[in-house]
Amino acid sequence: KNYFIRNNHNVLDIDGARVSFENGWGLIRASNTQPVLVLRFEAKTKKNLLEIQEIFYNQLIRFISIPKSEFFICQETTDII
């Protein structure tokens, strides 16, 4: 959270942390039903989506070890914000 605030991103920290970017947003929160972290992303383009995911990944690996191959599982969608 502090990283994103220091970098001038709006952070809504109710039930996790939703970070707003110019071209999308990312959310990280604890699952209510499983012992896992849930991450959601939306962006205007696939390039923006991958950029936001990369930022989240680089912050997350400071605290836990996770291979990129398990983090970057992109669910394709036709919804564009």
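The model you are looking at is predicted, and the mean pLDDT of its protein chain is 81. Four strands form an open sheet here, and a whole-structure search turns up two salt bridges.

- How many residues make up the hairpin that joins β3 to β4? The hairpin runs through six residues.
- As you trace a strand, keep in mind that side chains in a regular strand alternate between the two faces of the sheet.

**Helix α2**

- The 15 residues of α2 should span 21 Å at 1.5 Å a residue, and this agrees with the end C-alpha atoms, which are 21 Å apart.
- Which residues of α2 are buried? They are N48, L49, I52, Q53, F56, Y57, Q59 and L60.
- An α-helix has 3.6 residues a turn, so residues three or four places apart point the same way.

- Side chains of opposite charge can pair when their charged atoms come close.
- Are the two partners buried or exposed? D15 counts as partly exposed because its relative accessibility is 48%, whereas R29, at 17%, counts as buried.
- D15 has another feature to look at: its phi is near 55°, a positive value in a residue other than glycine.
- The other salt bridge brings together the side chains of E51 and K47, at 2.8 Å from N to O.
- E51 and K47 are four residues apart in helix α2 (residues 46–60), so about one helical turn separates them.
- E51 is partly exposed at 36% relative accessibility, and K47 is exposed with a relative accessible area of 59%.

**A30 and S31, side by side in the numbering**

- A30 has its place in strand β3, while S31 lies in the loop between β3 and β4.
- A30 counts as partly exposed, with a relative accessibility of 48%; S31, at 15%, counts as buried.
- Leaving out residues up to four places away in sequence, A30 touches V36 and L37.
- With that exclusion applied to S31 too, this residue touches V36 and V38.
- What does the side chain of S31 reach? It comes to the backbone nitrogen of Q34, at 3.0 Å.
- For a distance across the fold, take A30 and A17: they are 13 residues apart along the chain, and 9.9 Å separates their C-alpha atoms.

- In the protein chain, 83% of residues reach a pLDDT of 70 or more.
- Where is confidence lowest, and where is it highest? Helix α1 (residues 2–6) is lowest with a mean of 71, and β3 is highest at 91.
- Over residues 77–81, pLDDT stays under 50, and the model has eight contacts for this stretch beyond four places in sequence.
- Where pLDDT is low, the predicted coordinates should not be read in detail.

Note on methods. Residues numbered from 1 in each chain as written. Predicted model: local features only at pLDDT ≥ 70, side-chain atom pairs only at ≥ 80, totals over all residues. Heavy atoms only, no water. Salt bridge = Lys/Arg side-chain N within 4 Å of Asp/Glu carboxyl O. Buried < 20%, exposed > 50% of the residue type's maximum accessible area, 1.4 Å probe, protein only. Helix = DSSP H or I, 4+ residues; strand = E, 2+ residues; numbered from the N terminus. pLDDT = per-residue confidence, 0-100. Contact = heavy atoms within 4.5 Å. Pairing = 2+ DSSP bridges. Expected span 1.5 Å × (residues − 1). Polar contact = N/O pair within 3.5 Å; in protein donor to acceptor, adjacent residues only side chain to side chain.
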